[in-house]
Amino acid sequence: MTYRDAGVDVDAGNELVSRISGDAKATDRPGVLGGLGGFGGLFDPKAAGYEDPLLVAATDGVGTKLTLAGQVGRHDTVGQDLVAMCVNDLIVQGAEPLFFLDYFATGKLSVDQAADVVKGIAEGCRLANCALIGGETAEMPGLYRPGEYDLAGFCVGAVERSRLLPRIGDIEAGDAVLGVASSGPHSNGYSLIRRIVEASKQDLDAPSPFDQNRTLGEALLTPTRIYVKQILSALKLDQIKALAHITGGGLTENIPRVLPEGAGVRLNASAWNFPPVFRWLAAEGGVAPAEMARTFNCGLGMVLIVPAAEAEKVSALLTYHGEKVWRVGEVTGEKGVDIEGLEAWRS
């Protein structure tokens, strides 16, 4: 018997490495040493320009959005999702993402499918100026059904010790809360999204009810926005006190993670655009506005806390870099997230 007889094709794995090496090489940046194929990836923080860096690490996945990708038969966007979920977590601590590693696990390796996934990972790394320096492809017969796979990402970034966020001691009542637009649900809430799609009996290949230029499946696979370069530029203003990446737990669970004990925020739900995809999900699934706010980003992928007097300056810079930015509320002395005007989200 051979390993291939048991369901593991080493030659397919080697072919995949050959196919993706060019994509990985395209993500090189100062600090990268060597390339794919070693037992570990190498990175030199000094060559990246750091003097007294703190290393910041993040790991994440894409969740059940992968199931949707399998149903639609499109695998070139979830790689960007994977990178985004990690690098956006790093940037909220003021850290520049330096290098990324991925883990791809499947029952039987399809080189074409895996190459599409890694192509998306490389694109995400390019958008974040983050080097793809290694990864692992695991072929595990019997653990996954045919065509299924899972993804995990691991990213390390650096921030000068004096620039670490959040600046908890500086946050005070009256500070402005800015929201930066998301591209849709990003990579959170897809267990609920898939249930709503199933209950609505909508065809994933039919035109989307909220975006007639794409099918429903394509619209729901819109990749997560990567905010790294834009936020790094805004951090140079030295006015950002805290950042919150709005992921699982939505607005109500993520913003308090960067606030001082006893502080909260008051948001105005009519201050920013509630995207059509969320309006459709709320209406089709009968999801209450409060449940939307604790499940989805509801149109805000990143939240910033800045001095009220500097809000316009920070907004202008992010707008210059192509972001849609709104002043959505303010910091208060009352714990929690209070969202006024939630009824505006009902159809």
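User: What is a salt bridge?

Analyst: A salt bridge is a side-chain nitrogen of Lys or Arg within 4 Å of a carboxyl oxygen of Asp or Glu. Side chains of opposite charge can pair when their charged atoms come close. This is a predicted model, in which local features need pLDDT of at least 70 and side-chain atom pairs count only at pLDDT 80 or more, while totals for chains, interfaces and linings use all residues. Residues are numbered from 1 along each chain as its sequence is written, and side-chain values use heavy atoms, with hydrogens and water left out. In this structure, Asp-76 and Arg-74 meet through their side chains in a salt bridge, 2.8 Å from N to O.

User: Are Asp-76 and Arg-74 buried, partly exposed or exposed?

Analyst: Buried means under 20% relative accessible area, exposed means over 50%, and partly exposed lies in between (1.4 Å probe, protein chains only). Asp-76 is partly exposed at 35%, and Arg-74 is partly exposed at 33%.

User: Which residue forms a salt bridge with Glu-96, and which parts does the pair tie together?

Analyst: Glu-96 pairs with Arg-29, their closest N and O atoms being 2.9 Å apart. Strands (E, at least two residues) and helices (H or I, at least four) are DSSP runs, numbered from the N terminus. Glu-96 lies in strand E4 and Arg-29 in the loop between helix H1 and strand E1, so the pair ties together parts that are 67 residues apart in sequence. Glu-96 is buried, with a relative accessible area of 16%, and Arg-29 is buried at 9%.
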